[in-house]
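Subject: Structure handover

Hello,

Here is the structure I said I would pass on.

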Amino acid sequence: MRVRFRGVDHREAVLLRGPRGWAEWAPFVEYDDRDASRWLSAAVELGWGRLPDPVRTDVGVNATVPAVSPPDVAGVLERFPGCRTVKVKVAERGQRLEDDLARVAEVRRVAGPQARVRVDANGAWWVEEAREALRRLGRHELEYAEQPCARVEELAELRVALAKDGTDVPVAADESIRRAEDPLRVAREGAADLVVVKVAPLGGVARALEVVAACGLPAVVSSALDTSVGLAAGVALAAALPQLDHDCGLGTAALLDADVVPDPLLPVGGRLTTARAATVRNAVDPALLTAYRAPAERERWWRDRLGRAHAVLAAGPGVGDRSS
């Protein structure tokens, strides 16, 4: 990683080659085998299945600003030319609300008054913390706040509190969708104004489309710190959504110091095209795979994990698919 992001300094991924092109399996290391099996289902779809037909040829993407200090904001945004939306990480462990306020203020200054600015707390705040933080951060005209609290009931409570306060900041659910026993609970309990969906954690493009349709809320497609191969699946999902009103978090190849393709899937003019994404899936460079191959012991760890995740999938949906 160019900058520490989501507590990650190095991103690890397994690439699988199927008859329809390269696929990626990269569940975060702390995820259990059941979570990892859903990511594997998405990889199988990408490499061996058929993706839904697109309804648009390109998608807008947002810039992503990690929990950096204000002087570093401009340098980060330079990696996202043409992006009209910026997502800013807040509530980083070891930092204070004042740090978030300074970072968001600098993003607004550099990006300009016309930019859309959203924040992502990764569920780090309690309701009252989120209430105060969004009251103060909302002065910078936020597009929405992504996963300000961890639990669905907290999100629902927060939405009511924000309305009472007159704080006009919509709430987006991310972890409450992708890591939930019941991803539709967010919609049933009025816990979000929109949902953030990611292909791999939900089990594939087709499954993600089902979740969005069942939720009945506007959707934003985001990455899970994927390589360009994984990002191509995200573009496929964004391109297939019947309605897409928000820029998507699919420009994160800019956060990687290296990639598995010579020409990473980076936005041009703030957008990614379906044609470019399809090309990337067949552009993996063997020399790059060799250069960034994990040490033998680490590779064995991933192969063992892959075997366990496959066993969960093979056991059937009652074991591997928690939404069944």
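Please keep in mind that this is a predicted model. I start with the helix contacts and then turn to individual positions.

Helix α3 and helix α4

In the contact between these two helices, Leu97, Glu98, Asp100, Leu101 and Val104 of α3 meet Glu132, Ala133, Arg136 and Leu137 of α4. Sorted by class, the contact has five nonpolar, no polar and four charged residues. The helices themselves span residues 97-111 (α3) and 127-137 (α4), and they pack at an angle of about 30° with their axes 10 Å apart. Because the cut-off for roughly parallel is an angle under 35 degrees, α3 is described as roughly parallel to α4. The crossing of α3 past α4 is right-handed.

Helix α4 and helix α5

Helix α4 also packs against α5, residues 152-165; their axes come within 10 Å and cross at roughly 40°. The two helices are therefore oblique to each other. Here, too, the crossing is right-handed, with α4 passing α5. On the α4 side the contact is made by Val127, Ala130, Arg131 and Leu134, and on the α5 side by Glu154, Glu157, Leu158, Ala161, Leu162 and Asp165. The class count for α4 with α5 is six nonpolar, no polar and four charged residues.

Helix α9

Which residues of α9 are buried? In this helix, residues 205-215, they are Val205, Ala208, Leu209, Val211, Val212 and Cys215. Viewed down the axis of α9, the buried residues fall within an arc of 160°, so they line one face of the helix. As a reminder, an α-helix has 3.6 residues a turn, so residues three or four places apart point the same way. Directly after α9 comes Gly216, with a positive phi near 70°.

Glu106 lies in helix α3. Is Glu106 buried or exposed? Its relative accessibility is 16%, and since buried means under 20%, Glu106 counts as buried. Apart from neighbours within four places in sequence, Glu106 is in contact with Pro70 and Val73.

Glu12 sits in the segment before β1, the strand at 14-18. With a relative accessible area of 28%, Glu12 is partly exposed. Not counting residues up to four places away in sequence, Glu12 touches Ala26, Val29, Arg298 and Trp302. The C-alpha atoms of Glu12 and Asp226 are separated by 9.1 Å, although the two residues are 214 residues apart along the chain.

Positive phi outside glycine

Glu141 is a residue other than glycine with a positive phi, near 55°. Glu141 is placed in the loop between α4 and β7, the latter at 142-146. At 61% relative accessibility, Glu141 counts as exposed.

Leu225 likewise has a positive phi near 55° in a residue other than glycine. Leu225 belongs to the loop between β10 (219-221) and α10 (228-240). What is the relative accessible area of Leu225? The value is 4%, which means Leu225 is buried.

Regards

Terms used
Residues are numbered from 1 along each chain as its sequence is written. This is a predicted model: local features need pLDDT of at least 70, side-chain atom pairs count only at pLDDT 80 or more; totals for chains, interfaces and linings use all residues. Side-chain values use heavy atoms; hydrogens and water are left out. Axes are lines fitted to C-alpha atoms, for helices over the stretch in contact, and angles run from 0 to 180 degrees between N-to-C directions. Helices (H or I, at least four residues) and strands (E, at least two) are DSSP runs, numbered from the N terminus. Angles under 35 degrees count as roughly parallel, over 145 as roughly antiparallel, 65 to 115 as roughly perpendicular and the rest as oblique. A crossing is left-handed if the near helix is turned anticlockwise from the far one by less than a right angle, and right-handed if clockwise. Contact means heavy atoms within 4.5 Å. Ala, Val, Leu, Ile, Met, Phe, Trp, Tyr, Cys and Pro count as nonpolar, Asp, Glu, Lys and Arg as charged, and the others, Gly among them, as polar. Buried means under 20% relative accessible area, exposed over 50%, partly exposed in between (1.4 Å probe, protein chains only). The arc is that of the directions from the helix axis to the C-beta atoms.
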